[in-house]
Amino acid sequence: MGFEGETWYVRGLDPRHGGGGADIGEILIDEADFPWLSGRFRAGPAFGAVEDLFARELALAEGDDAAHRSRWEAMQAEIERTVRLISPDGPVAAFLLHIRGDRAWFRWSDAPFDDEGDEGDEGAGGAGG
């Protein structure tokens, strides 16, 4: 698939978590399992400011009850306010990004996800999970 070998970037948006344009990290895509892309994550200098957000997001994503889902949605919204995912062609409109250690996996869209759950399987079991 055409995505393998590409480098995607995670940049900061929120001044409280590294600031606008801060280098959160980069993802070298090594697996494309539609709709998920996954790859090796290389943390940037500002990753420490958001590392806990991603750890908490994954912990909530692995829960399977309504309370976990509600808290996961709030955490995902916080991530979306805090970082931007940038493809080789530029920023994407919507994304669902997981980072664990030196691995990251995500799905993305050129248009915002709708309220009906277009983000699909939010659990850690997506590509690379």
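Buried residues are those under 20% relative accessible area, exposed residues those over 50%, and partly exposed residues those in between, with a 1.4 Å probe and protein chains only. By this definition Ala 74 is partly exposed, its relative accessible area being 47%. Ala 74 belongs to helix α2, where helices (H or I, at least four residues) and strands (E, at least two) are DSSP runs numbered from the N terminus. The C-alpha atoms of Ala 74 and Glu 57 are separated by 9.2 Å, and the two residues are 17 residues apart along the chain.

The structure is a predicted model, in which local features need pLDDT of at least 70 and side-chain atom pairs count only at pLDDT 80 or more, while totals for chains, interfaces and linings use all residues. Residues are numbered from 1 along each chain as its sequence is written, and side-chain values use heavy atoms, with hydrogens and water left out. The predictor's confidence in each residue is expressed as pLDDT, from 0 to 100. Its mean over the protein is 85, and 82% of the residues reach 70 or more.

Two helices and seven strands are present, arranged along the sequence as β-β-β-α-α-β-β-β-β. The protein has 129 residues, of which 43% count as buried. Of the contacts with a separation of 6 or more, 50% are between residues 24 or more positions apart. The protein exposes about 6,500 Å², and carbon and sulfur atoms supply 48% of this area, as computed by the Shrake-Rupley method with a 1.4 Å probe, where for residues only the protein chains shown count as cover. The loop between β2 (23-33) and β3 contains Pro 35, and the peptide bond from Phe 34 to Pro 35 is cis, with omega near 5 degrees.

The largest nonpolar core has 31 residues; such a core is a set of buried Ala, Val, Leu, Ile, Met, Phe, Trp, Tyr and Cys residues joined through side-chain atoms within 4.5 Å. The residues with the most contacts inside this core are Trp 8, Ile 27, Phe 54, Val 83, Leu 85, Leu 97 and Phe 106. At least two core residues come from each of β1, β2, β3, α1 (51-61), α2, β4 (83-87), β6 and β7. Helix α1 gives the most, with five residues. Leaving aside neighbours within four places in sequence, Leu 85 is in contact with Trp 8, Tyr 9, Val 10, Ile 27, Pro 91, Val 92, Phe 95, Phe 106 and Trp 108.

Four aromatic pairs are found in a search of the whole structure. Rings of Phe, Tyr and Trp (its six-membered ring) pair if their centres lie within 6.5 Å; planes under 30 degrees apart count as stacked, over 60 as edge-to-face and the rest as tilted. The rings of Phe 3 and Trp 108 form an edge-to-face pair, because their centres are 6.3 Å apart and their planes stand at 80 degrees. This pair links distant parts of the chain, Phe 3 lying in the segment before β1 (7-12) and Trp 108 in strand β7 (residues 103-109), 105 residues apart. Phe 3 counts as partly exposed at 25% relative accessibility, and Trp 108 is partly exposed with a relative accessible area of 27%. Trp 108 also pairs with Trp 8; the ring centres are 5.3 Å apart and the planes at 55 degrees, so the pair is tilted. Here too distant parts of the chain are linked, Trp 8 in strand β1 and Trp 108 in strand β7 being 100 residues apart. Trp 8 is buried, with a relative accessible area of 1%. One aromatic cluster is formed by Phe 3, Trp 8, Phe 106 and Trp 108.

Strand β6 (residues 94-100) includes Arg 100, which is partly exposed with a relative accessible area of 40%. Apart from neighbours within four places in sequence, Arg 100 is in contact with Leu 58, Glu 62 and Trp 105. Arg 100 and Phe 54 are 46 residues apart in sequence, with a C-alpha to C-alpha distance of 7.6 Å.

How values were computed:
Contact = heavy atoms within 4.5 Å.
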